[in-house]
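Hi everyone, thanks for coming. Please have a look at the model on the screen, and then we'll walk through a few spots together.

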Amino acid sequence: MENGFGSIAWVLYLPIIGFLIQAFFGKKVVDSMGIAAGRRVMGTLAVLPIALGFVIGLMLVLKLSAMEPAARSVVVPLFNWIDVMGLRLPFELIVDPLSMTMVLIITGIGALIHLYATGYMAEEPDYPRFFTYLNLFIASMLILVLGNNLALLFIGWEGVGVCSYLLIGFWYKDLANSKAANKAFIVNRIGDWGLTLGLFLIVALLTTSPSLVKADRYLSYDQMLPALQIALAHNHGLATAIALLLFVGACGKSAQFPLYLWLPDAMAGPTPVSALIHAATMVTSGVVLLNRMHIVFEMSPTASAIVAVIGAFTALFAALVAFGQTDIKKVLAYSTVSQLGFMFVACGAGGYWAGMFHVTTHAFFKALLFLGSGAVIHAMAHNQDMRNYGNLSKYLKITCWSMVIGWLAISGVYMFSGFYSKEAIIGTALANTHANIEGYQLGQYSGWTALFVAFLTAMYMTRMMVLTFFSGEERWRLIPAKAHADDHGHGTDIAHGNHLEAVHEHGHDHGPDVHGFFYTDEELHAMEHGDHDDHAHHELDETHQPHEVPPSMWFPLVCLAALSLFGGYFMSHNEVFRDWLYPEGKLPILGVVSAEAEHIPLVLYSSIAAFGGLIIGGLWYMRGLPKAEGWDESKWNPFRKLAGRQFGFDAAMVTTTVDGGAELGRGLWQGFDVKIVDGIVNGSAGLASYLGKGISWFQTGYIRMYALMMLFGGAGILGWFLYAMKHGGVR
């Protein structure tokens with residue numbers, strides 16, 4: 001029964017319609033109306049479906065929140081999808097707090113990112129193609145979160161994977177972008193392997209338990225989850241196997257160790273893509289999966305403990321790596337990996353609601369920080385190295401103070417949105433007694449690790465903000481001198497590399513860039529291979545004047561800044577949403593370190609971590625630049641060197657998987673394929689040839705030869721017959 005929730009279908013239909021319009025009519029509209037007018041029309045048609053979806057979703061959330069908590073789950077059937085033998089999979093949507101929380105994030109933050117993209121991609125020749133992929137991305141994610149069975153979840157899961165491949169490799173003519181897209185696609189296939197096996201185990205369990213499968217919709221969540229709860233109640237081994245396989249899938253999509261490798265490379269795509277992937281869509285899929293299938297994890301303390309430990313390690317590892325990054329988007333990429341670790345700590349500790357709370361607040365401040373970084377990159381002529389920035393608060397006031405709010409929110413400063421969700425996670429983990437292996441309370445250990453990572457987060461984000469906005473020296477004015485004076489050529493490489501990226505960033509393969517330079521295919525090829533023209537050296541110099549972005553780009557920043565400032569407090573204290581993310585019995589955990597021990601205000605620890613990171617980071621990085629952040633990487637301290645290289649893990653993984661896989665494939669080819677498979681085939685052919693040659697000796701074509709052979713044959717048969725009669729063999 002829909003109970004008036006049938007309009008949820010339009011939340012899904014609208015981005016699909018937008019995708020079809022962009023795909024089939026986008027280029028024609030731009031060509032017929034002219035570039036400027038056509039792009040304005042297509043940009044509006046790209047933003048409008050997502051914004052309308054948000055309005056519809058908000059109305060449905062208000063309607064759902066007015067219902068009793070036990071009744072907040074409505075299934076909306078759309079049409080019969082698969083009906084074969086005893087298997088019936090209707091295409092139906094589920095409206096409940098989990099799905100609608102994600103709908104508001106995907107459509108609300110997604111609409112702001114779409115609006116930002118209309119300005120950021122204004123000079124992109126493939127403008128309609130970009131928004132074709134972007135609308136399809138939103139539609140795929142909505143299928144993932146709204147679908148009421150595992151088959152629909154899988155379709156959305158693979159859909160966002162394909163769209164991420166298309167968007168990360170949007171500038172596919174650049175080899176680096178294509179490699180990054182391939183890396184994302186391949187690493188996610190590893191995760192999908194685990195997810196698929198987990199789904200197969202669930203189907204096998206339900207179909208071999210006739211007493212549990214009484215409905216023809218047994219794979220729909222409202223039928224499947226209660227059945228799983230009964231089936232796994234006394235089978236903890238199977239519950240652990242299913243949970244861990246699902247977790248492998250979640251690690252792939254949500255970039256948990258060791259499958260995080262694709263996410264930093266996803267920065268190859270346009271900045272709006274980075275914001276959409278990191279804040280509102282793809283990387284939250286794993287957290288949504290764990291929340292939707294929480295019954296399975298609750299049946300297995302072992303699996304829950306592993307989830308919490310991997311989440312804590314990922315949060316710590318990525319936070320340390322962030323200190324070694326000089327690309328502003330790479331800092332935010334590793335920050336996303338680290339924050340996702342927080343969400344998995346919450347899920348492993350049983351605080352699924354706290355994980356989703358952090359998904360929501362993280363969407364606010366991470367979208368803000370990514371879009372703000374795009375504004376900085378835009379102002380700095382597409383140079384992404386923070387060592388080439390400095391004192392930009394003087395020139396980019398809206399961008400700067402918007403990002404300051406995002407910085408304080410992600411650092412967990414009291415009253416900002418990140419504070420509430422981080423404290424919910426840490427408090428839940430420290431009070432946890434479920435996630436344990438052989439008596440070790442790994443959930444609690446993960447909570448203490450998360451508290452330390454909160455300190456590191458405040459510190460490395462302070463580093464990013466100081467290098468970008470608050471260090472007094474305007475270092476971009478010194479780039480040409482440093483570039484020529486530095487024997488290592490680092491400054492030159494940065495200028496060249498980012499200038500080439502600027503060409504791809506705005507698609508100027510055959511036209512002028514923001515400075516009026518014109519590049520031919522030969523010049524682009526020369527730049528890509530290190531043979532650069534002199535004019536590329538002066539992308540940033542003493543004459544460069546950074547400028548604020550246009551309203552289409554700063555308006556989303558202001559909206560996201562307001563959400564980052566007030567969103568967490570509103571969701572924690574508003575009566576409408578109080579029971580939405582804070583289930584009954586969970587809220588008291590927020591104020592204590594341990595449910596059994598003396599009540600110690602967690603806010604004290606959280607504040608020490610946040611302000612400690614801010615103060616220490618400020619003192620360290622404000623002491624003078626480029627002293628703390630030199631141009632010459634050879635003079636970096638060992639920690640910075642290791643962090644900049646992911647402590648060797650990325651290289652080790654590439655060696656193990658790519659190079660090792662090549663060696664394994666080569667060994668299988670030479671040892672098994674060539675020697676055994678080819679040996680059997682070639683040996684069979686050789687044996688047939690040998691036998692054929694032997695038989696050919698008797699095939700002379702002479703009648704006398706055949707008569708002689710018949711004589712020998714007849715004599716042989718007669719001889720055998722006489723021998724058999726003599727020895728009683730014939731009666």
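Let's begin with residue classes: Ala, Val, Leu, Ile, Met, Phe, Trp, Tyr, Cys and Pro count as nonpolar, Asp, Glu, Lys and Arg as charged, and the others, Gly among them, as polar. This is a predicted model, where local features need pLDDT of at least 70 and side-chain atom pairs pLDDT 80 or more, while totals for chains, interfaces and linings use all residues. Residues are numbered from 1 along each chain as its sequence is written, and side-chain values use heavy atoms, leaving out hydrogens and water.

A cavity here is a set of points, on a 1 Å grid over the protein atoms alone, where a 1.4 Å probe fits but cannot get out, and its lining residues have an atom within 4 Å of a point. Volume is the space filled by probe spheres set on the points, which are joined across faces, edges and corners.

How many cavities of 30 Å³ or more does a search of the whole structure find? There are two.

The largest cavity has a volume of about 60 Å³. Its lining has six nonpolar, four polar and two charged residues, including Lys 422 and Glu 423.

Lys 422 also touches Thr 457, contact meaning heavy atoms within 4.5 Å. Finally, Thr 457 and Gly 613 lie 156 residues apart in sequence, yet their C-alpha atoms are 7.2 Å apart in space.

Terms used
1 Å grid on protein atoms, 1.4 Å probe; cavity = no way out; pocket = protein on both sides within 12 Å on 5 of 7 lines; lining within 4 Å. Lists of a residue's contacts leave out its neighbours within four places in sequence.
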